[in-house]
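This briefing is meant to be read with the structure in view. Please keep the sequence at hand while working through the points.

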Amino acid sequence: MEWSETSWVVRGRLRKRVLKALDKPKTATILSKELKTHRSTISSILNHMDDREIAVCLDPKQPYNRYYKRTKKGEDLLEEITHLG
């Protein structure tokens, strides 16, 4: 695992919470309600996670209400972060 990815997630407490919350496919709206934060903030985090291949958009052609899920890399990263404490 690349430490730059681990560091990026850990530096943002909300990023860590989003990664943990992606236990099944969810939209930014669903996550924003679960995590009690703005949908636009969650959307931005999901876009960055998609760019870093930590999460993947399942329906990228949809204009809104896109579903995201953790990738294998995201699963490994979450396990790494969980073990770090």
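Which residues of H1 are buried? In this predicted model, the buried residues of H1 are Glu5, Thr6, Trp8 and Val9. Viewed along the axis of H1, these buried residues fall within an arc of 160°, so they line one face of the helix.

- The C-alpha atom of serine 7 is separated by 9.2 Å from that of isoleucine 81, although the two residues are 74 residues apart along the chain.

**Salt bridges**

- Side chains of opposite charge can pair when their charged atoms come close.
- The structure holds six salt bridges.
- One of them joins the side chains of lysine 73 and glutamate 5, with an N to O distance of 3.6 Å.
- Because lysine 73 lies in helix H5 and glutamate 5 in helix H1, this pair ties together parts that are 68 residues apart in sequence.
- Glutamate 5 counts as buried at 8% relative accessibility, whereas lysine 73 counts as partly exposed at 25%.
- The side chains of glutamate 34 and lysine 26 also meet in a salt bridge, at 2.9 Å from N to O.
- In this pair, lysine 26 is buried, with a relative accessible area of 5%, while glutamate 34 counts as partly exposed at 41% relative accessibility.
- Aspartate 76 forms a salt bridge with lysine 72, and their closest N and O atoms are 2.7 Å apart.
- Lysine 72 is exposed, with a relative accessible area of 60%, and aspartate 76 counts as partly exposed at 29% relative accessibility.
- Both aspartate 76 and lysine 72 lie in helix H5, where they are four residues apart, about one turn of the helix.
- Salt bridges that share partners join Glu5, Arg52 and Lys73 into one network.

**Arginine 70**

- Is arginine 70 buried or exposed? With a relative accessibility of 12%, arginine 70 counts as buried, because the cut-off for buried is under 20%.
- Arginine 70 is part of strand E2, which covers residues 68-70.
- The side chain of arginine 70 makes a polar contact with the side chain of glutamate 75, at 3.0 Å.
- A polar atom of the arginine 70 side chain lies 3.3 Å from the backbone oxygen of lysine 20.
- When neighbours within four places in sequence are left aside, the residues in contact with arginine 70 are Leu19, Lys20, Leu22, Asp23, Ile54, Ala55, Glu75 and Leu78.

**A nonpolar surface patch**

- Which residues form a nonpolar patch on the surface? The patch is formed by Ile30, Leu58 and Tyr67, which together have about 240 Å² of accessible area.
- Leucine 58 is placed in the loop between strand E1 (55-57) and E2.
- Leucine 58 counts as partly exposed, at 42% relative accessibility.

Technical notes
Residues numbered from 1 in each chain as written. Predicted model: local features only at pLDDT ≥ 70, side-chain atom pairs only at ≥ 80, totals over all residues. Heavy atoms only, no water. Helix = DSSP H or I, 4+ residues; strand = E, 2+ residues; numbered from the N terminus. Buried < 20%, exposed > 50% of the residue type's maximum accessible area, 1.4 Å probe, protein only. Polar contact = N/O pair within 3.5 Å; in protein donor to acceptor, adjacent residues only side chain to side chain. Contact = heavy atoms within 4.5 Å. Arc of directions from axis to C-beta. Patch = residues over 30% accessible without salt bridge, like charges linked within 9 Å, V, L, I, M, F, W, Y side chains within 5 Å. Areas by Shrake-Rupley, 256 points an atom, 1.4 Å probe, with all protein chains shown as cover. Salt bridge = Lys/Arg side-chain N within 4 Å of Asp/Glu carboxyl O.
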